[in-house]
Amino acid sequence: MTEPAARPRVLVNFASSLDGKINPAPGHRAGRFMMSRHREDFRRMVALRGRADAILIGAANLRADDPDLAIPADERAARRGGGQREPLRIVVTSVGAGIAPEMKIFDPARGGPAIVVHTARMPPEARARLAGRAELVELGATTVAMGDLLAWVAGRGVGILLCEGGGDLCAQLFAARAVDEIYLTIAPRILGGARAPTMVDGAGFEPDQIPDGRLASVEQLGDELFLHYELTWPA
Ligand SMILES: NC(=O)c1ccc[n+]([C@@H]2O[C@H](COP(=O)([O-])OP(=O)(O)OC[C@H]3O[C@@H](n4cnc5c(N)ncnc54)[C@H](OP(=O)(O)O)[C@@H]3O)[C@@H](O)[C@H]2O)c1
């Protein structure tokens with residue numbers, strides 16, 4: 001019998017402004033915000049989801065944007081008709097604050113099984129609130145270690161994990177040297193703001209721990225660029 005992989009292949013997908021921001025600075029966003037002006041960015045995002053066994057987001061992304069993490073509607077119908085799995089939809093949180101059972105990620109009509117990965121600090125009321133809508137997985141005392149999270153998803157048969165952000169969660173995946181591919185849409189806008197989130201926030205990396213990207217493809221649609229990089233990590 002072959003051992004399960006220690007971690008899945010990890011892809012990240014973001015849309016960024018020209019100045020590297022993934023959302024307006026706190027207090028500068030009015031309602032819903034779409035980085036890309038093209039439907040193409042959305043089409044590519046949901047197509048990528050269709051390649052993944054699981055999709056992972058941070059709780060701040062969920063609270064800000066309430067994404068459904070759904071695959072294309074025609075593919076969902078085909079998979080359901082054929083009894084095939086849809087990607088797991090996973091959110092990671094410490095205590096579940098601000099995560100409501102009405103959020104789209106928990107709607108079984110929109111996508112695959114929903115999972116809340118949380119710490120031992122999540123209070124009983126949050127567990128009770130979400131229990132009927134998602135599988136609750138406790139990993140870690142005060143924070144979920146990325147190594148444990150990746151090992152857990154690998155154990156669930158996830159070969160490809162797609163992270164859709166945000167920058168805090170993504171920084172932890174980079175710090176764990178656990179990112180293999182980047183899909184990045186560059187939208188020709190300048191958002192500004194030192195506190196606006198970027199694709200990789202966190203504390204930053206040591207000079208000898210910075211991965212190198214190889215440009216696998218670049219496509220242009222109007223004024224937007226669709227970049228795909230494969231990463232290699234220093235030994
Ligand atoms: N343009 C794009 O492509 C794009 C894509 C995604 C997101 N975004 C934007 O990015 C922003 C959100 O990004 P962000 O960097 O602020 O936050 P984030 O990475 O989405 O989420 C951070 C939160 O996730 C939970 N979390 C992360 N790591 C954890 C760990 N190891 N253990 C336990 N919980 C953990 C914590 O939630 P709790 O606070 O619940 O403990 C933490 O506060 C939003 O503004 C969103 O619009 C943009």
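I worked from a predicted model, where local features need pLDDT of at least 70, side-chain atom pairs count only at pLDDT 80 or more, and totals for chains, interfaces and linings use all residues. Residues are numbered from 1 along each chain as its sequence is written, and side-chain values use heavy atoms, with hydrogens and water left out.

**Entry 1, salt bridges.** I searched the whole structure and got 15 salt bridges (a side-chain nitrogen of Lys or Arg within 4 Å of a carboxyl oxygen of Asp or Glu).

I looked up R110 and D68. Their closest N and O atoms are 3.6 Å apart. R110 sits in the loop between β3 (88-92) and β4 (114-118), and D68 in the loop between α2 (59-65) and α3 (73-82), so this pair ties together parts 42 residues apart in sequence. For the elements I used DSSP runs numbered from the N terminus: helices are H or I, at least four residues, and strands are E, at least two. R110 is partly exposed, at 30% relative accessible area (buried is under 20%, exposed over 50%, partly exposed in between; 1.4 Å probe, protein chains only).

I also found R110 and D68 in a network of salt bridges with R49, D107 and E164.

E75 bridges to R79 at 2.6 Å between the closest N and O atoms. Both lie in α3, 4 residues apart, about one turn of the helix. Is R79 buried or exposed? R79 is buried, at 12% relative accessibility. E75 is partly exposed, at 27%.

I checked R127 and E138 next. Their side chains form a salt bridge at 3.0 Å, N to O. R127 lies in α4 (124-131) and E138 in β5 (135-138), so the pair ties together parts 11 residues apart in sequence. R127 has a relative accessible area of 24%; for E138 the value is 42%.

I counted 26 residues around the ligand, the closest being N23, T93, S94, D168 and Q172 (a heavy atom within 4 Å). Which helix gives the most to this shell? α2 does, with 6 residues. The shell divides into 11 nonpolar, 10 polar and 5 charged residues.

I then listed atom pairs. A backbone N or O atom of I22 lies 2.9 Å from a ligand nitrogen. For N61, a backbone N or O atom is 2.9 Å from a ligand oxygen. D65 places a polar side-chain atom 2.8 Å from a ligand oxygen. Taken alone the ligand exposes 920 Å², and the protein buries 83% of that (Shrake-Rupley method, 1.4 Å probe).

How values were computed. Polar contact = N/O pair within 3.5 Å; in protein donor to acceptor, adjacent residues only side chain to side chain. Nonpolar A, V, L, I, M, F, W, Y, C, P; charged D, E, K, R; others polar.
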